[in-house]
Amino acid sequence: MRVATQSIVMAILCAYTMFAAGPFVWAAMLSLRTTSEIHLDHFALPDPMHWDKYPDAWFNSNYSIYFMNSLQVVVGAVILVTLIGAMAAHCLARYRFRLNRIIYFVLFSTIIFPPQVTIISLFQILVGYGLYNSKLGLMLVYVAIQLPLTVYILESFFARIPADLFDAARMDGYSDWAIFWRVALPVAMPAVTTTVILNFILLWNEFLFAVVLITDEANRTLPLGIQRFIGDTQEDIGMIATGLMIAIIPVIVVYAFFSEKLIQGMTAGAVK
Amino acid sequence: MAVVTLNGLTKRYDRAHPAAAEDVDLEVADGEFMVLLGPSGCGKTTTLRMIAGLESITSGTLSIDGRVVNDVPARDRDIAMVFQSYALYPHMSVRDNMAFGLRRRQMPRAEIEQRVRDAAEILGLSTLMDRKPHALSGGQRQRVALGRAIVRDPKVFLFDEPLSNLDAALRVSTRSEIAALHRRLQATMIYVTHDQVEAMTLGSRICIMNAGRIAQVGRPMDVYRMPADTFVAGFLGNPPMNLIPATVTDAPGGRELRFGPNRVEVPAARTAPLEAGSAVTLGLRPEHLAPALDASDSAALWGEVVTVEPLGAETLVRVHLPEIADPVIVRAPGESEVAIGDRIGIRLDPSAAHVFHADGHSMTAAHHQARRG
Ligand SMILES: Nc1ncnc2c1ncn2[C@@H]1O[C@H](COP(=O)(O)OP(=O)(O)O)[C@@H](O)[C@H]1O
Ligand SMILES: [Mg+2]
């Protein structure tokens, strides 16, 4: 009976894993094959393995530039959104002041707007401030779009930290500022890590804002770089796959590094 | 070492509700162990938190060593507090939990280590120093919370129901450890509890609170012997004092109290200010009552046994008196052979009877001038 149940569960999990990981494995195989090989047989195994496509993409197709741009914009945005988001969440969760819930609600309600609604006005604003077509401008936009979700996740976690903990730290002689850094933030680490991974992955793959707000070759991020292989008349499928794999690697690294914390954060129902 | 003075201290959280603590006047002497005792919701924690500086003071003044500290932030009051939930920092080891308060005071490293080691020694925590709180038992967490207060060597220690999350056996042993700690440190301590056994055993004095106000302050046995009003009489003692509504009447020998067919003679001085016919409350402690052994005994009261609770050393007998709603509790010897439904007599010592005015305050205590401030 139990064996039967387990094998059903296993079968479902296997099917789902194939469904979820299949395209990824396929793209990995494509990344090692040339476009002409791919046109002969879409699903063949890479033989021979064209490892040289990776350095080719990196050095001859400006991938090193896109990669560094992505890294700068995304890491900067994630650091900023984490800091601002954590401080805001801490305040909203812990301090009683007028308009507290209203600020929280207004901030959170911006989640319902699809990005297409705001993009034109954002474009205007960035042009107005001379931030159009700059990495800093894109970074600030990324901070703004990810802030509501970040505050939402962190606020609910901060609110669950027992108030006695902060009172104890006050009795121990610490200021509110020090309490945030030395008690609230460390205790909320699992939730903070969750938002870091979430924001990193979302922003690393972000395309819409990047394509509208960046035109300069020198400021392109990775998702835009991949797009460059899609020409007007032909697509270099093989190189697109290679570029995709290069782009995915940092996401996997971040995820592997933080995944244990991520699970902790998602399951951390009770703060002890 | 410090004197803590509360002068008309009042806390009102919001206008819609009555004050959580109202007009609290209390002076805690240097080195004293003051216990704030009262039922849940009576304002003990609120009062303690105002002393700590964690809660703003609505009106009144709070002074430490004569200096008004109403507007001094918690971190500058040099007070340590042990919380009911222990409030240990979950991300720090036992050592860091204890040292956290010292680090901020720019104390030399060696001295911090010394103090933490000494406190750990006293509390038997030396082998647990590198553990995180989640890897400790309830009793051990409690000790870390105590240790965090001790290392600070503060002017005043505050405790908010520190034993309420421990099991019964641990509660008794920790209670005596806290008493030993007070003897050793000779520091001013203010201790909040709703447990009268803790209050009676620990307190140099106890302050009983009711609905945000102080009902009575005094040494534990004084308060027990001379409760200032019916609230204190009914709260202190286990089982509590029997409170029986009665009427003052003139009798040939002096004054007596009547309730139903029963009458009790009480010392004349206790009812002197009252006119005949006044309603009063008669207070009789269960230990001052005894079952009459045989029918020939000249028992004062007669009634029917409702429940019998043998506890070993003693037996609690509840007796229904005619025309009185609540049964009277009698503390009988453990060997008593009383059965439910028996009609028994109750002997009492009139000189141990308390008389309370219709407004609740004690005629007995007023007579003895025993109210303490
Ligand atoms: N932060 C608060 N806001 C509003 N009311 C409160 C707050 N804290 C306590 N109270 C109210 O004040 C009263 C006294 O509470 P408290 O001091 O915690 O009592 P105790 O510690 O004696 O059980 C209660 O009626 C409680 O509901
Ligand atoms: Mg309380």
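User: In this predicted model, a residue is near a molecule if one of its heavy atoms lies within 4 Å of it. Which chains surround ligand 1?
Analyst: The residues around ligand 1 include A:Arg96 as well as B:Tyr13, B:Ala20 and B:Lys44. The site is shared between chains, because the residues that surround ligand 1 come from chains A and B.

User: How do the residues of the shell around ligand 1 divide into nonpolar, polar and charged?
Analyst: Among the residues of this shell are B:Ser40, B:Gly41, B:Cys42, B:Gly43, B:Thr45 and B:Thr46. Gly counts as polar here, whereas Cys counts as nonpolar. The division is 3 nonpolar, 5 polar and 2 charged.

User: What distance separates an oxygen atom of ligand 1 from a polar backbone atom of B:Lys44?
Analyst: A polar contact is a pair of N or O atoms within 3.5 Å. A backbone N or O atom of B:Cys42 lies 3.2 Å from an oxygen atom of ligand 1, and for a polar backbone atom of B:Gly43 the distance is 3.1 Å. For B:Lys44 the distance is 2.9 Å.

User: What percentage of the area that ligand 1 exposes when taken alone does the protein bury?
Analyst: Backbone atoms of B:Gly43 and B:Lys44 are placed at the distances given above. Ligand 1 taken alone exposes 560 Å². Of that area, the protein buries 59%.

User: Which element gives the most residues to the lining of the largest cavity?
Analyst: The structure holds 1 cavity of 30 Å³ or more, and the largest has a volume of about 60 Å³. Two or more lining residues come from each of helix H8 (163-171) of chain A, strand E6 (79-82) of chain B and helix H4 (138-150) of chain B. The element that gives the most, with 3 residues, is H4(B).

User: How many residues of the lining of the largest cavity are charged?
Analyst: The lining includes A:Asp172, B:Arg148 and B:Arg152, and Asp and Arg count as charged. Also in the lining are A:Met171, B:Met81 and B:Phe83. The lining has 7 nonpolar residues and no polar ones, and the number of charged residues is 3.

User: Which strands are the edge strands of the open sheet in chain B?
Analyst: The sheet has 4 strands in the order E2-E1-E4-E5, with antiparallel pairing. An edge strand pairs on one side only, and the edge strands are E2 (21-28) and E5 (67-68) of chain B.

User: Which residue in E4(B) is the bridge partner of B:Thr10?
Analyst: Strands E1 (residues 4-11) and E4 (residues 59-64) of chain B run antiparallel and are joined by 5 bridges. In E4(B), the partner of B:Thr10 is B:Ser59.

Key:
Residues numbered from 1 in each chain as written. Chains lettered and ligands numbered in written order. Predicted model: local features only at pLDDT ≥ 70, side-chain atom pairs only at ≥ 80, totals over all residues. Heavy atoms only, no water. 1 Å grid on protein atoms, 1.4 Å probe; cavity = no way out; pocket = protein on both sides within 12 Å on 5 of 7 lines; lining within 4 Å. Points joined across faces, edges and corners; volume = space filled by probe spheres on them. Polar contact = N/O pair within 3.5 Å; in protein donor to acceptor, adjacent residues only side chain to side chain. Areas by Shrake-Rupley, 256 points an atom, 1.4 Å probe, with all protein chains shown as cover. Pairing = 2+ DSSP bridges.
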